[in-house]
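Thanks for making the time this morning. I would like to walk you through one model, and I ask that you keep the sequence and the structure in view while I talk.

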Amino acid sequence: MERKHGGNIYQIARQRGLKPESIIDFSANINALGFSPRVKNVFSDVDSSILNYPDHGADEFINELSIYHGLPAENFVAGNGSSEFISLLPGVIRPKSVLIVAPIYTEYEYSFHRSKGVIFYLNTLENDNFCIQEKMLYDELKRGYSALYICNPSNPTGVVIPADTMKEMIVYASKKGTTVIIDETFMDFAEEHSMKGMVKKFDHLIILRTMSNFFALAGLRNGYLISHAKHIEKIRERQSMWSLNAVAQYAGIESLKDSAYIQKSVKYNNEARAAFARDLKELPFLNVFKSSANFLFLKLKESAPVSVSEIYGRLLERGIIIRRCEDFQGIDHSFFRVSVKKKNENKKLVSELKKLLSKK
Ligand SMILES: Cc1ncc(COP(=O)(O)O)c(C=O)c1O
C-alpha cells in the first residue's frame, strides 16, 4: 500500500532540482506563523540535551500538557509524533472491526492493514458539505464495531463536529462497547470542540494530538495521546525507549508556555483563512468548503478548463505544491487541499489559480 502525504518537499526538491526552502508548500498544514519564538531558547543551549538520554517518561513535557489542557498528568502519554500512536493502537485495542468516518487521514487504514481487524467506512457526502449525518452514524454503530475512528476537525475536509454532537456520539458508542478514537490534530485551532474533558469519565475514549501542526514542530516529531489512565499504561508498555527525544521535549514545553503565540496563531488563522476563502470563492470553477482548521478543502467543477492534476503540475513548475486528494477514501480526483499560509503566499496561489482557471 503506497503512503501518500503532503509536505514531501525534500523528495520534490530533489526531483525538480530545487532547494526545499524555495518551495511554497500548501500541501502540509503547518501554522503559517511558524513555531513559537521561545523554541529558539532550546537551541541556544542544546549540548546537554544531545549528550544525555532524554527523560524517557517525558515528565516535564507531560506536566506542561497537564497545565495546558487542565487534565491530570496520568491521562497523557507522549511519543514520536502522533504517528507513533496510530501505529501502536491496533496492537493495544485489538479491534475485530473498525468503522472509519471518511474521507479521512490515510495512516489509520495503513496501520490496520497490518493488524487482523476488518475496516468499514462511513462516507460523509459532498451534498452534506461533508458534515456527518448523525442518524447514519448511529445506525452503523448499532452493528457493534470494536472501534470508531474520527478525525475532528477532519483532514482533509476541515469540517468540525461540534462538541455537543460529539459528546452524544461518545455516550452512545460507550453503550455499544465501541472504543472511540478521535484524531484532534487540528483541534488547537478550534479547542472549544475538544473531547479531552471526557477521558476521565469514559474509559473507551482515545484522543490523538500533536505538536506538529499548530505548534509547527513537525520536523522534531512530538505527539501525544490523551486517554483514561488504563490505556495510557498499556500504550507506554509498547513504546520503544526514549521515543520522544530531548530537544522535542524542551521545544514542546517552551511552545505550550507561550500563550501570546497561541492566541496570535488562532487569531491569524481565523482571519487569514476567511480572507483566503473569500478570494478563492471569487475564482470560477471552484467550490470552497467551510473549514475550522488551518487549511481549505476545494472542489474543481467538471466544466473547468483544466484538471486538478494539470493544476498540480503547472503550480509545481512555479515551485508551489498543493495536496491532491484522490487517494482519500470516498472522494475523487476533483478535490484538492491547500493550507493557510502567509497572506502574500495565499494571494500568490489565488493569482496563479486565476490564470489557470481563466477560459483558454
Ligand atoms: C490528521 C492527522 N493525524 C496525524 C498526523 C501525523 O501527525 P504527527 O506529525 O504527530 O505524526 C497528521 C499529519 O499531518 C494528520 O494530518
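What we have is a predicted model, in which local features need pLDDT of at least 70 and side-chain atom pairs count only at pLDDT 80 or more, whereas totals for chains, interfaces and linings use all residues. Residues are numbered from 1 along each chain as its sequence is written, and side-chain values use heavy atoms, with hydrogens and water left out.

First, the overall picture. The secondary structure comes to 13 helices and 13 strands, where helices (H or I, at least four residues) and strands (E, at least two) are DSSP runs numbered from the N terminus. The radius of gyration is 20 Å, close to the 21 Å that the globule rule gives for 360 residues, so the protein is as compact as a globular protein of that length; that radius is taken over C-alpha atoms, and the rule is 2.2 Å times the number of residues to the power 0.38. Along the principal axes, the C-alpha atoms fill a box of roughly 60 × 55 × 35 Å. Of the 360 residues, 57% are buried. If we take contacts, meaning heavy atoms within 4.5 Å, between residues at least 6 apart in sequence, then 72% of them join residues at least 24 apart.

Now to strand 7, residues 205-210, where 6 of its 6 residues are buried. Leu205, Ile207 and Arg209 point one way from this strand, while Ile206, Leu208 and Thr210 point the other way. Which strands flank strand 7? Strand 6 is joined to strand 7 by 4 bridges and runs parallel to it, with Val180 standing opposite Leu205. Strand 8, residues 223-227, is joined to strand 7 by 5 bridges and runs antiparallel, and here Thr210 has Gly223 as its bridge partner. For pairing, DSSP must find at least two bridges between two strands. In the loop between strand 7 and strand 8 we find Arg221, whose phi is near 65°, a positive value in a residue other than glycine; at 27% relative accessibility, Arg221 counts as partly exposed.

Helix 8 spans residues 163-175 and reaches 19 Å from its first C-alpha to its last, close to the 18 Å expected at 1.5 Å a residue, the expected span being 1.5 Å times one less than the number of residues. Why do its buried residues lie on one side? Ala163, Thr165, Met166, Met169, Ile170 and Ala173 are the buried residues of helix 8, and they cover an arc of only 155° around the axis, which puts them on the same side of the helix; the arc is that of the directions from the helix axis to the C-beta atoms. On the other side, Asp164 and Lys175 are exposed. Just after helix 8, Gly177 takes a positive phi of about 75°.

Helix 7 itself has a similar story to tell. Its buried residues include Leu137, Tyr138, Glu140 and Leu141, and they cover an arc of only 160° around the axis, which puts them on the same side of helix 7. They pack against strand 3, strand 4, strand 5 and helix 8.

Finally, some backbone details to check in your viewers. A cis peptide bond, with omega about -5°, joins Ala102 and Pro103, and Pro103 is found in the loop between strand 3 and helix 6. Another cis peptide bond joins Asn152 and Pro153, with omega about -10°, and Pro153 lies in the loop between strand 5 and helix 8. Trp242, although it is not a glycine, has a positive phi of about 55°, and Trp242 sits in the loop between helix 9 and helix 10.

Methods. Buried < 20%, exposed > 50% of the residue type's maximum accessible area, 1.4 Å probe, protein only.
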